[in-house]
Amino acid sequence: MDELAFASARDLVAAYRTGAVRPSQVVELALDRIARLDPILHAFLTVDADGARRAAAAWDARVAGEADALPPLAGVPVAVKDNICTRGIPTTCASRILEGWVPPYDATVVARLRTAGAIVLGKTNLDEFAMGSSTEHSAFGPTRNPWDPARVPGGSSGGSAAAVAAGMVPLALGSDTGGSVRLPAGFCGVVGLKPTYGRVSRYGLVAFASSLDQIGPMARDVADCALLLGVLAGHDPADATSADVPVPDYLAALGAGAAGVRLGVPREAFGAGVAPAVADAVREALRVFADLGCGIEEISLPTIDAALPAYYILAPAEASSNLARYDGVRYGLRVPGDDLSAMVARTRRQGFGAEVQRRIMLGTYALSAGYYEAYYLKAQRARTLVARDFARAFELVDLVVLPVAPTPAFRLGEKADDPLQMYLSDIFTISVNLAGLPGLALPCGMADGLPIGLQLVGRAFEEATVLRVGHAYEQAAGWSRRRPPVG
Amino acid sequence: MIDRETVAHVARLARLALTGEECQRFVAQLGRILEYVARLNALDLTDVPPTAHVVPMVNVFRADAVTPSLSREDVLAGAPAHAEGFFVVPRVLEAGADDG
């Protein structure tokens, strides 16, 4: 049964076509693994067993008869991060302030999943409102790393990454504002893509930092990631920032290989704070790329150090504005007060966890009278420099190679009392959000039983190139075939 | 860099009913984070325009057509309190204020 649990979405649909496997079998296996493994890992906040069984039964009846006309994810179970709205299934953002809220509509990506035949199996754990790098900031308890349950899965899409890594589901959705798809993908040894800003609709993604947020696919190999991106991507009139740019067939484009692609390696990628095992794994990956016929050039991203401080002004500023809507009036928690403003302030004090309050405070401060120019405007100017760094790099090379994170997964509690140390986990992912570019995380090694992640960053809307080169590397290096010791 | 009075002011702006102890903790934590972000002061930002948004698009319009929207019942279903098709909140005006 393990083979089936770790089968790709492509293989599942192929097996449905021949009648070798039925969607109900796959859903039952997924539910069984969740029942067995989730008491340890806590990847899920909600499992919609009834809904998944109903959907699977409907696909059972259809897959054999419609073998030639099945949609791309027919009968494939998918987990959805719990900050993405699902009609009729609670969506909490791992926050007390939204506990029990049931959205009256599907996010565009969820509607697209359903149209593609996917079965929404459940909602995955995250740092509250996606603010964090470890999934320890969930109001409902942390998720643990399938490679070592004493360690964090990364965040904020830690539940999605752990669910995919542990063979609970082949596919999951995450969201990435400063690395929240890529960091957990790296820490859990799976593949995760942050698409170009605007590539995937944000309609129905609970807003954190609207100029940075992007929903991304997570899977166990690059081809499944490409398949899922193809389902998610495309223009959506319901999201004014969604780009009207044609969506290529990402899966079909994978076969072209990596020969002749020019890779840029920033000298800043091996700076202070990068664990030797991470630097070694990335250097080894570069040798594989060279064997594949890639050109390797040293480049520089001189303002990469400015990305993190700029982000920790801009993202909290946007968050403080976006989270103003949680006022105890229209949805979620209400804590009574003597008057309206007391009710609102008490609701927000009790409903938001410590990290969310910290970011609201930071963002409100940065936007407040007298500080706006010193912080917010300065950070926006620094953002311009970060974007220019990448623009200059892409005049010389086709892709930029970075580690996903300076270290492998850290222990639960290790950084819980030091917000700044936690923020530093995102040092290699954040600049990609500020520049709005596509970034792919995929496994490139192991250190003491923990996965190490490699990041490929491409030009805006060139996800096809990023995925194609990532696929060629994956085939040559073989790290994606490793399975964690749980289960 | 940031004092307790400022933290209390920001908490009021952010509508967070913080205790004195919580304010004190934020003085230390926000102070450290602000010290870190002060690295931005080392950059030469002369003549660098601010970036609010990376995708170059402005004034995105859709067709001015009526499309289905959520029903009132669906929207009110998530509210902590509602009555007669409206959200219910604690009294905002003082009793008798409407007489004045």
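**A close look at A:Ala310**

Guide: Setting aside neighbours within four places in sequence, A:Ala310 is in contact with A:Ala379, A:Ala382, A:Arg383, A:Val386, A:Leu434 and, over on the other chain, B:Leu40 (contact means C-beta atoms, placed from the backbone, within 7 Å). Bear in mind that this is a predicted model, where local features need pLDDT of at least 70, side-chain atom pairs count only at pLDDT 80 or more, and totals for chains, interfaces and linings use all residues. Residues are numbered from 1 along each chain as its sequence is written, while chains are lettered from A and ligands numbered from 1 in the order in which they are written.

Now step back a bit. A:Ala310 and A:Val78 have the most contacts inside the largest nonpolar core, a set of 190 residues. Such a core joins buried Ala, Val, Leu, Ile, Met, Phe, Trp, Tyr and Cys residues through C-beta atoms within 7 Å, buried meaning 20 or more other C-beta atoms within 10 Å of a residue's own. Helix H10 of chain A, residues 304-322, gives the largest share of this core, 12 residues (helices are DSSP runs of H or I, at least four residues, numbered from the N terminus). Domain 1 (2-260 + 472-481) and domain 2 (305-378) of chain A both supply residues, so the core lies between them; the bounds come from an automatic or database domain assignment.

As for the partner chain, 42 residues of chain B are in contact with 54 of chain A.

Conventions:
A residue is buried if 20 or more other C-beta atoms lie within 10 Å of its own, exposed if 12 or fewer, and partly exposed in between; C-beta atoms are placed from the backbone. Helices (H or I, at least four residues) and strands (E, at least two) are DSSP runs, numbered from the N terminus. Two residues are in contact if their C-beta atoms, placed from the backbone, lie within 7 Å.
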